[in-house]
Amino acid sequence: MGGSHADGASDPDLAAFMHAVGCRPAWAVVAALTLGVGVAAAAGARPSLPPVVRYLPLAASLLLFGLPHGAVDHLAPARVAGRVPTVRSMTAVGLGYLLLGGVYAALWVVAPAASAALFVGLTWLHWGQGDLYALDVLGGDHLDDAGVRAGTLLVRGGLPMLVPLLRFPERYRAVIDAWVALFGRGLDAAWLVAPDVRLGLGAGFAVLTVGTLLAGYRNGGGQEWRRDAGETLLLWAYFLVVPPLVAIGVYFCVWHSLRHVVRLVGVDEGAREALATRGPVSALRRTGRDALPLTAVSVVLLVAVGVVAGVDTAPETLAALYLVFIAVLTLPHVVVVAWMDRVECRGLGWRAGGQ
């Protein structure tokens, strides 16, 4: 299954599956939301969504691709190496989750502000990592350069993690405040939402975006580069226009997580066979069955933590608890995905000249 990213198109079935499941649905949903909210704003409408509606996409991610996309990590390392998962391989992943997740959970208790900053950084890296993998699968010579790849990762991860801050600073700050407040602390982040700081961050990130796309164009401005540039511009518009809670929740479900689900299908021979013989729905159903047990365990654990801690049932507090829970799982998940990148020579594991 592995291979250098440059011959991502050498796996045409996976590339076609990525385009059909990992790209088209996301493009449609993100473009529709961007257009709808943009038209409403241009018409002078300023709808105030109730908290339940604002948090609905995030809540949906509990079961709709978001949480489940990481619930196959116990099987993925063996499968990506072309082996059948064993009790030993699954136990090793489980112990890694306990160690890394446990240390990060303890850090949240003693240093919630630093943990929140680490979560933003981890998510920035991981979401850039996910998009870089998808671009590799779809092929394209414009990524045959270490500098362009690094810039692409930073841009793709920064679109959901930085751009909302530029347009919706107070809402962005309120979400991070809620994370820290779970641990009885406050967050002094007034500097982060200051106009001069946001202007500098926005200008710098825009320069990085344009510079990365131009460098990629010089490497090979074909159809794959146009797809990359189109997605980048679409996401810029999306995160500038759509309120952040809705934007992040939808992106997590239909953009990032779906692309990783495609990757999971790609490393599972049974799912690949189902895709080839019975179509995408059958392949997705098989991967969903793999994810179901640990998704259920995670949901039960999350509810138990909330009950034992006596967390308030206000939507913003429940969302903060869920995001901190996701943060604890993100650290070991990033390690698993980085291992997959290394084995497949894609994403962060790319090497000049391939394997």
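Predicted model: local features only at pLDDT ≥ 70, side-chain atom pairs only at ≥ 80, totals over all residues.
1. Contact here means heavy atoms within 4.5 Å. Residues are numbered from 1 along each chain as its sequence is written, and side-chain values use heavy atoms, with hydrogens and water left out.

2. Staying with D131: its place is in helix α6 (residues 112-138). Helices are DSSP runs (H or I, at least four residues), numbered from the N terminus. D131 is buried, at a relative accessible area of 1%. For the record, buried means under 20% relative accessible area, exposed over 50%, and partly exposed in between, with a 1.4 Å probe and protein chains only.

3. Two arginines reach the side chain of D131. The polar contact with the R156 side chain is 2.5 Å, and the one with the R259 side chain is 3.4 Å. A polar contact is a pair of N or O atoms within 3.5 Å; within protein, one must be able to donate a hydrogen and the other to accept it, and residues adjacent in sequence count only if both atoms are side-chain atoms.

4. Now the rings. The structure holds 12 aromatic pairs. Rings of Phe, Tyr and Trp (its six-membered ring) pair if their centres lie within 6.5 Å; planes under 30 degrees apart are stacked, over 60 edge-to-face, and the rest tilted. One of the pairs is Y217 with W225, edge-to-face at 4.9 Å centre to centre and 65 degrees between the planes. Y217 is partly exposed at 47%, whereas W225 is buried at 17%.

5. F239 and Y251 also make a pair: their ring centres are 5.5 Å apart and the planes sit at 65 degrees, so this one is edge-to-face. The pair links distant parts of the chain, with F239 in helix α11 (residues 223-241) and Y251 in helix α12, 12 residues apart.

6. Helix α1 (residues 12-42) has 31 residues and should span 45 Å at 1.5 Å a residue; the end C-alpha atoms are 42 Å apart, which agrees. The expected span is 1.5 Å times one less than the number of residues. α1 bends by about 35 degrees at C23, with a proline, P25, following within four residues. The bend is the angle between axes fitted to the seven residues ending at a residue and the seven starting there. Buried residues of α1, including F17, M18 and C23, pack against α6, α11, α12, α13 and α14. After α1 comes G44, with a positive phi near 90 degrees.

7. α14 bends by about 40 degrees at L292, and the proline P293 follows within four residues. Among its buried residues are T287, D290 and L302, and the cover over the buried set includes α4 (76-80), α12 (244-267), α13 (269-278) and α15 (315-344). Just after α14, G310 has a positive phi of about 65 degrees.

Key: Helix = DSSP H or I, 4+ residues; strand = E, 2+ residues; numbered from the N terminus.
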